[in-house]
Amino acid sequence: MAAPQISSIDQQKKELRDLMAEKRRNAPAHAEADLLERLFKTVQTYDAPSVAAVWPLPGEIDLRPLCSRLARDGRRVALPETTSKGTPLVFREWSKDSSMLAGRFGTSHPDGPILVPDLVLVPFLAFDRKGFRLGYGGGYYDRTLAQLNVPAIGFGFAFQEMKSIPIGPYDIPLSVVVTEKETIQTGPYNLEG
Ligand SMILES: Nc1nc2c(c(=O)[nH]1)N(C=O)[C@@H](CNc1ccc(C(=O)N[C@@H](CCC(=O)O)C(=O)O)cc1)CN2
Ligand SMILES: Nc1ncnc2c1ncn2[C@@H]1O[C@H](COP(=O)(O)OP(=O)(O)OP(=O)(O)O)[C@@H](O)[C@H]1O
């Protein structure tokens, strides 16, 4: 039987994914709190009534304290439900009393109504200064952002920066990338949303 064809971009992405997952396991402790603080301040510059965050997978940056803070600040908070492969994410409203349901690939989503966000916080394994990112390879955020057309704020640690991320035909650049060290304006939406 012939081996499955993997494009060279997909192969490069797989190698970067393995490297960045390893680096993230060694992240310093204070960096995460610094990142959440900067991310909160960045969200505050957007006039977005509803903000999509993510519920952490093991080893990921934990946005749960930020979710609570955004809700207290008067934003509606949405979290993604991981839909079947090849379809955009669906976002569901979260509040501190929400029950969480188990979803695909170990993800969790709130047992709440669908809420279309005005701003999306996007996780990544690696990013570059043009706003391109490397995710888990599901293509979920690219499909979702293509459909929503709202600003996307990427968040991660400074060491996740790469000189250049291999770009595929569907990759949509982030508007801003927030790390524990800086807030990098990358895309066309910038601060005005
Ligand atoms: N916390 C969190 N939630 C998130 C994401 C994320 O990166 N972090 N996503 C960001 O997109 C979406 C979920 N995307 C994911 C895509 C693939 C896999 C995954 O583990 N895939 C397996 C095998 C897939 C398969 O069976 O084909 C793997 O890659 O080994 C996990 C999450 C939405 N929710
Ligand atoms: N809008 C789209 N329409 C069709 N295919 C797409 C679209 N967006 C992404 N894909 C495909 O999905 C696959 C995975 O994409 P990619 O490697 O960019 O995922 P990722 O951004 O790393 O993952 P994620 O967004 O889930 O974190 C690729 O084969 C890509 O071509």
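**Close-up views of two ligand sites**

View 1. The shell around ligand 2 holds four nonpolar, four polar and six charged residues. Here Ala, Val, Leu, Ile, Met, Phe, Trp, Tyr, Cys and Pro are nonpolar, Asp, Glu, Lys and Arg are charged, and the others, Gly among them, are polar. This is a predicted model, where local features need pLDDT of at least 70 and side-chain atom pairs pLDDT 80 or more, while totals for chains, interfaces and linings use all residues. Residues are numbered from 1 along each chain as its sequence is written, chains are lettered from A and ligands numbered from 1 in written order, and side-chain values use heavy atoms, without hydrogens and water.

**View 2. Neighbours of ligand 2.** Ligand 2 has 14 residues around it (a heavy atom within 4 Å), with Lys13, Arg133, Gly135, Tyr140 and Tyr141 the closest. Helix α4 (140-148) gives the most to this shell, four residues (helices are DSSP runs of H or I, at least four residues, numbered from the N terminus).

View 3. Look for pairs of N or O atoms within 3.5 Å. Oxygen atoms of ligand 2 lie 2.9 Å from a backbone N or O atom of tyrosine 141 and 3.2 Å from a side-chain N or O atom of aspartate 142.

View 4. Trp55, Glu60, Lys85, Phe105 and Tyr136 come nearest among the 15 residues around ligand 1. A nitrogen atom of ligand 1 is 2.5 Å from a side-chain N or O atom of glutamate 60, and an oxygen atom is 2.9 Å from one of lysine 85.

How values were computed:
A polar contact is a pair of N or O atoms within 3.5 Å; within protein, one must be able to donate a hydrogen and the other to accept it, and residues adjacent in sequence count only if both atoms are side-chain atoms. Helices (H or I, at least four residues) and strands (E, at least two) are DSSP runs, numbered from the N terminus.
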